[in-house]
Amino acid sequence: MRTAVVTVLVCLLASAPARGASVAALADLRVRQEVLDGVYHFAPDPDRDWIRVRARAGGRLSAGAHALELRLANEHRHHLHPDDLEFAWDELLVDRAAWTWTFGQDDRLTVGRQDIVWPGGFLMLERSPLDGSRTLFQDAVRLQLSDQDGGTDLAFIRNLKRDHHVLAGDDERPLADMDETGLYLRRAQGRLAWALIAKDESDPDGVLADLLTLTVDLRATGELGRTGDWAAEVAVQHLREDRGEGRDDDAGTALALQAFARDAFLGRSRLELGGFYYSGRGDGGWRAFRAPWGRWPKWSELYIYTLIGESTPGRVAVAAWENVAAPRLQLTRPLGGRADGRLGATWLLAPQPSWKPRGLLTQAELTVRLGSGVDGHLLWEMLVPGAFHDGSNGLPPLVDTVHFLRWQLAWSL
C-alpha cells in the first residue's frame, strides 16, 4: 500500500506540465558531526562521536488553488566512537505527503503528512522525539483560517508509534512512546494566542499505561521600547493515566511556562533575559508536565541526552522537558554581513525534590551564511553538573563536566 501511494504521487508530479500545472523541486542536504564528551554518563562508555548525513528530496505540484507535496528523507550515521557499531544506510521514509487547498488569501486546508510548528515551539514542533531530529512531521488534517484580528488553527492528528510509510529499512523503529490521537484548536488575536490540546496516547506494545492529557495554553507577546520585544507563555495540563483493570486511574495537574525579554545592548548586540519551568511529580502537588509535541532541543542540544538517564521502563526520556526549570541569559551579535555569534548561560534546577541544582549550562555558537542556499554553524555547550546529579536520588550519577560540540553544513534548493 505504501509503495502504491508513493508511486501515484510521483506519477502526478511527473505528469504535471502536461496538465498545465507547475512543479517545483524540494531538496536539501544536511551534514553534521556531533561529539558528546561524557554526556552518556549512564552508559559504560560515556562518549559519542558521529557524523550524521540527512538528505531529503521531492517536489511540489501546484495547480490553481491546489498543491500536492511529496518528499522522501534518509539520515544515516557514521559512528566514529564507539567504533564497534556497524554502519547502516538506515531508513528511506516518506517525510512529507500532503494535499493543500488554499481557498482564501491565508485560508487553507492541508491533509496528510506535514510539518506543524507553532511560534516558539513550546508545545508544538516535533512529533517524533525518538528519531533524533531526522523528521518532525505530523499525520494530520489541518484547517487554517485568517481574519483581520489574527487567525484560527484547527487540526486532528493521528500518529503511530511506528511509521507505516518506511520504504526501505527498519519500519519497527519507534518514533514516539505510544500511538497518539490528538485534536487542537489555536486562536491568535492581536498579541494574544490561546490554545486547547486534547491528546490520547495508547501503547500498542502494552508496556505503558494509556494516557489522556488536556492542555490549555496562553501566549502573549509585546514590544519593549523602540527596539525590544517580549513574550510569555503558560500551559496548564490535566493528566489521567489508565492503570488497567482493578487499579484506580492516576490523575493530576501539571504546569509549564516560559518567558523572555530582549533588547538592543551595546550597539548591534541583543541581550535576552528569560526562563522556563516544567513541573515535576510531587512539586507542590503538581504532576510531571508532558509537552504534547514539544520534545526537541529547544533549550539545549547537550542536556536532552543526559535526560535519557531519567528514563523509566518502556519510556525513553530524551528531550522530555519535565521537572526542570531555569533562568537564562543570552547575548547575540552580528559578526559582519554573513555571520552571527551567540553566548548563553542557563542555571538548571529540578523543582522536585527541593529545587536541587541540575547544573550550569553554557553555550557558544557561530552561525554563517555562505550563499547559494548554503549555511552552517559551530556549536559548543558545556554542563557543570549540580547536586541533582550526585546519585543520591537513585539516578545514574553525573559528577564530571561534560561537553557537546557540533559543526554543521546545510544546503537547500
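Q: Which residues does Leu383 touch, not counting residues up to four places away in sequence?
A: Contact means heavy atoms within 4.5 Å. Leu383 touches Leu302, Tyr303, Leu348, Arg358, Gly359, Leu360, Leu361, Leu398, Asp400, Thr401 and Val402, with residues up to four places away in sequence not counted. This is a predicted model: local features need pLDDT of at least 70, side-chain atom pairs count only at pLDDT 80 or more, and totals for chains, interfaces and linings use all residues. Residues are numbered from 1 along each chain as its sequence is written, and side-chain values use heavy atoms, leaving out hydrogens and water.

Q: How many residues does the largest nonpolar core have?
A: A nonpolar core is a set of buried (under 20% relative accessible area, 1.4 Å probe, protein chains only) Ala, Val, Leu, Ile, Met, Phe, Trp, Tyr and Cys residues joined through side-chain atoms within 4.5 Å. Here the largest has 46 residues. Leu383 and Leu348 are among those with the most contacts inside it. Its largest share, three residues, comes from helix α2 (residues 303-306). Helices are DSSP runs of H or I, at least four residues; strands are runs of E, at least two; both are numbered from the N terminus.

Q: In what sense do β12 and β13 pair?
A: Two strands pair if DSSP finds at least two bridges between them. β12 and β13 (residues 228-242) are antiparallel, over 15 bridges. Asp210 stands opposite Asp242 in β13. The two strands form a hairpin with three residues between them. Gly225 in that turn has a positive phi of about 65°.

Q: Is Asp95 buried or exposed?
A: Buried, with a relative accessible area of 1%. Asp95 lies in strand β4 (residues 92-102).

How values were computed
Buried < 20%, exposed > 50% of the residue type's maximum accessible area, 1.4 Å probe, protein only.
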